[in-house]
Amino acid sequence: MCGIVGVISNAPVNQLIYDALLLLQHRGQDAAGIVTQQERKFFMHKAKGMVKDVFRTRNMRALPGNCGLGQVRYPTAGNAFSEEEAQPFYVNAPFGIVLVHNGNLTNAQALRSDLFNTDHRHINTESDSEVLLNVLADEVDKATRGKALDVQDVFAAVAAVHKRIRGSYAVIALIAGHGLLAFRDPYGIRPLCMGRNTDGTIMLASESVVLEGSGHVLDRDIAPGEAVFIDLAGNISSQQCAQAPRLHPCIFEFVYLARPDSVLDGISVYQARLNLGETLAKRVVSAVPPSQIDVVIPIPESSRPSAMQLAQLLGLPYREGFVKNRYVGRTFIMPGQGVRKKSVRQKLNVIGSEFKGRNVLLVDDSIVRGTTSREIVQMAREAGANKVYMASAAPPVRYPNVYGIDMPTSSELVAHDRTIEQVRELIGCDALIYQDVDAMKQAVACLRADLDGFDASCFDGIYVTGDITLADIERLNDERPTTQEDDEDTSRLSLPNARRT
């Protein structure tokens, strides 16, 4: 999971891209980068860390130009502590191309071999994004064959890219002296949208909140398989480049990843979470009589809409029982189990009066590895709760994700090969209520009539690209990001570890 942005304007774009990355910080806290173009020359700065720490005044001054790209990184492939794998990535031929990517290629290993043996291209990092860039560059080279770049050549190159790569990808690339190219995988798994300002600025971004927060108006989403090319004068061309595109967005975007004030593929994330709370309320009633619940308390932040809707429908008081330290990042996107576990009590503090002597229903957006849920239940008990029930707005996460969410190993998932009762015992709550898979899908799907479906593979084990086998999952696990902690504690791969809950 990463956040990407691209801009073409009549004015310098460095500050605009910086502001956009701040609005995307929730999608990645490991590294950040910006590249701009002036007179066919690229200017780039990227490093590990948060946006506000990576870019200082001197860095911003060194990013001139009226078009550019930016990315915040949360690594799901490659090396998590390598600054070389921060994006954007650059290749000098043909023309000079820089690229940012959100997603995960499932055939990156095979592509590396093809690029070296057949296309004679060198990959210098473990990142699948560098692989994607070189595949794109190779196809642009084949489409142009030494002649001037034409927009139809660009679309032909993207069509060829779709045939070669597998997995999830939302991409924005800048071709030196020509313009911005954006495209999305044929299933639309990862989000990408486009908008514009009254001054003629055109922006592409992972979430609509970036457009609105920077003074732009959302125009539309990039369709699955579609390519959009914007030349340096702001002229927009688009073409469907996939043979059989279908819209199957990642449902985990609506459950947790995206900001609630975003609209993805025409679906309000906030309304989706309200709907999830409504369907979850029905599950709660069947498991715990509302008369046995004194108060509903969300686990900040993503679960709030679901918790509020649930409390309203059940006629129960809604209270804030946890105060979040906003200066500690989202533990889900912190690489390393030790960092996540240590930060739980740093991130959340209880309001004791909301727990003491009460039967509390804690509502979370999802439960992935379980360690933090166990910690939070213990915090509630220490604050004096009589009984602690827990409800998840999402179903049990039982299967690995291979499309860009860091939950690739079955052994790390608390619900994998366990009954709900076994999970409840591990977490330590008095009752555990999960959302139903079909109810979750319907709660979100009802907000867009022409939706083809979802990638809900971490919940139902169905991989929408149709090409994922057990061997692929094992291989992708071997390719997962290397962290400092992985080197120091390899035993963690066999234990159910903490994502955030």
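1. The expected span of a helix is 1.5 Å times one less than its number of residues. Helices (H or I, at least four residues) and strands (E, at least two) are DSSP runs, numbered from the N terminus. Helix H5 covers residues 128-144, and its 17 residues should span 24 Å at 1.5 Å a residue. The C-alpha atoms at its ends lie 24 Å apart, which agrees.

2. A word on the source. This is a predicted model, where local features need pLDDT of at least 70, side-chain atom pairs count only at pLDDT 80 or more, and totals for chains, interfaces and linings use all residues. Residues are numbered from 1 along each chain as its sequence is written, and side-chain values use heavy atoms, with hydrogens and water left out.

3. Back to H5. Of its 17 residues, 15 are buried (under 20% relative accessible area; exposed is over 50%, partly exposed in between, with a 1.4 Å probe and protein chains only). Ser-127 caps the N-terminal end: one of its side-chain oxygens lies 3.1 Å from the backbone nitrogen of Ser-129. Just after the helix, Arg-145 has a positive phi of about 50°.

4. Next, the sheet. Seven strands form an open sheet in the order E3-E2-E4-E1-E10-E9-E11, with antiparallel pairing (two strands pair if DSSP finds at least two bridges between them). E3 (41-48) and E11 stand at the edges with a single partner strand each, so one side of each has no neighbour in the sheet.

5. Within the sheet, E2 (residues 31-38) and E4 (residues 67-73) are antiparallel and share seven bridges. Ala-31 has Arg-73 in E4 as its bridge partner.

6. E9 (residues 193-196) has two antiparallel partners to look at. Four bridges join E9 to E10 (residues 202-205), and Met-194 is bridged to Leu-204 in E10. E9 and E10 make a hairpin with five residues between them, and Gly-200 in the turn has a positive phi of about 95°. Four bridges also join E9 to E11 (residues 217-221). There, Arg-196 stands opposite Val-217.

7. Where is the "active site" feature placed by UniProt? The unreviewed entry puts it at Cys-2; UniProt positions follow the numbering used here, feature names are shortened, and annotations may be inferred rather than shown by experiment. Cys-2 sits in the segment before strand E1 (3-8). Cys-2 is buried, at 6% relative accessible area. Leaving aside residues up to four places away in sequence, Cys-2 touches Arg-27, Gln-71, Val-72, Arg-73, Tyr-74, His-101, Asn-102 and Ser-206 (contact means heavy atoms within 4.5 Å). Arg-73, the bridge partner of Ala-31, is one of these contacts.

Conventions: Polar contact = N/O pair within 3.5 Å; in protein donor to acceptor, adjacent residues only side chain to side chain.
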